Amino acid sequence: MTQRRWEDIFALELGPGWVGLTTLNSHSGLLLKTPFSTIIFDPISIDPATFSRIDTIIITHEHWDHLDISVITDIQCRTGALVLTTPFVAQLLHKIPSSKIKALEPGDSFSHKGIRFNALTSVHPGHQPLA
């Protein structure tokens, strides 16, 4: 079996109905690629320069192991990605244009780049953490 780096997901050619999924670190970071969209979840402890194409950044809640404002801001600036997060986290992202932030509450749905996002309640300490 060949060991792959998580960066290899960007080279995947995916057909309809296929997805690529990889972890970015040992805790919370995930990268999901579909045929028409690339989504990053809770990016921490990563080099933002690695990302040239991200369509959506999802931040589930404000804890230090899910939220690194400087990394998120850098990735958003490099890629123009939309940030989906909680209203509490949205207020912390001062350097990202408000037009590039969508605050979701449990029960909300939102579509972006061919993907439908459904915000669910997460049973976890924090200001309305989302799943």
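Contact here means heavy atoms within 4.5 Å.

## Basis

This is a predicted model, where local features need pLDDT of at least 70, side-chain atom pairs count only at pLDDT 80 or more, and totals for chains, interfaces and linings use all residues. Residues are numbered from 1 along each chain as its sequence is written, and side-chain values use heavy atoms, leaving out hydrogens and water.

## The sheet

Helices (H or I, at least four residues) and strands (E, at least two) are DSSP runs, numbered from the N terminus. Six strands form an open sheet with mixed pairing, in the order E1-E2-E3-E4-E5-E6. The edge strands, E1 (20-23) and E6 (101-103), each pair on one side only. Two strands pair if DSSP finds at least two bridges between them.

E1 and E2 (residues 30-33) pair in the antiparallel sense over four bridges. Gly 20 stands opposite Lys 33 in E2.

## Helix H1

H1 spans residues 69-79; Val 71, Ile 72, Thr 73, Ile 75 and Gln 76 are buried there (under 20% relative accessible area, 1.4 Å probe, protein chains only). These buried residues pack against E3 (38-41), E4 (56-58) and E5 (82-85). Just after H1, Gly 80 takes a positive phi of about 75°.

## The cores

A nonpolar core is a set of buried Ala, Val, Leu, Ile, Met, Phe, Trp, Tyr and Cys residues joined through side-chain atoms within 4.5 Å. The largest has 20 residues; Ile 40, Ile 54, Ile 57, Ile 75 and Val 83 touch the most other members. H1 gives the largest share of this core, three residues. Apart from this core lies another of nine residues, including Leu 32 and Phe 117.

Not counting residues up to four places away in sequence, Val 83 touches Ile 57, Ile 59, Ile 72, Gln 76, Leu 93, Ile 96, Lys 100, Ile 101 and Lys 102.

Technical notes. Buried < 20%, exposed > 50% of the residue type's maximum accessible area, 1.4 Å probe, protein only.
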